[in-house]
Structure formats: structure tokens, C-alpha cells
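Subject: Structure for your files

Hello,

Here is the structure I said I would pass on. My notes follow below it.

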Amino acid sequence: MKRFLKKHKDEIQLLANGKIKCLVTGHEMTKDLEAMEKHWSGKSYKKKKRAYKTGEAVNLEEFEWIIPHKFEKKQGVLCPDERHAKP
């Protein structure tokens, strides 16, 4: 487990409740090696890791026709008409 934690030290936050938080996805899990390996090899982690690593996040505020997604703040939704655009 120490080797795994050392390998991902920039992506892990140890919480006061004894759990581990993945800083890339925000997922919290117990200190179980099997659970951590499953998460770090998963599709969601790999997809978000690319954006996290390369800094692909874009400030959506500067685009008039793109509003922030309700749940995924780094993603946007294109508004094709003026009814849904930002005021």
C-alpha cells in the first residue's frame, strides 16, 4: 500500500475520518488497496486525469453561449438560442 500511496501522492488527500480522497475525481474511499487500485484504473479517473494533468480546464465565463454544467463544473453546455444564454 505504501508503494501505491507514494506513486499517487500528488493525487491523494488523507481525510480526518480515515478515508482517502482522489483529488482528480473527488471520490472518497476507504484505505483499502483493492478499492484504490480499482478506482485508479477506472474509466472515470483516466478521463479526468487527462484534463487534470494537461490543464485542459477552460474558464467558461468568457463565452457568452456556454453555460456551466450543473454537476461537472469544468464542463459546459452550449446554448443555441438566446433564451438560455447568460444575462
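How many aromatic pairs does the count come to? It comes to two, where rings of Phe, Tyr and Trp (its six-membered ring) pair if their centres lie within 6.5 Å, and planes under 30 degrees apart count as stacked, over 60 as edge-to-face and the rest as tilted. The rings of Phe4 and Trp40 have centres 5.4 Å apart and planes at 85°, so this pair is edge-to-face. Phe4 lies in helix α1 (residues 2–7) and Trp40 in helix α2, so the pair ties together parts 36 residues apart in sequence. Trp40 and Tyr45 form a tilted pair, with 5.8 Å between centres and 50° between planes. Phe4, Trp40 and Tyr45 form one aromatic cluster.

This is a predicted model: local features need pLDDT of at least 70, side-chain atom pairs count only at pLDDT 80 or more, and totals for chains, interfaces and linings use all residues. Residues are numbered from 1 along each chain as its sequence is written, and side-chain values use heavy atoms, with hydrogens and water left out.

Phe4 and Trp40 are both buried (under 20% relative accessible area, exposed being over 50% and partly exposed in between; 1.4 Å probe, protein chains only).

Three strands form an open antiparallel sheet in the order β1-β2-β3, pairing being at least two DSSP bridges between two strands.

Regards

Note on methods. Helix = DSSP H or I, 4+ residues; strand = E, 2+ residues; numbered from the N terminus.
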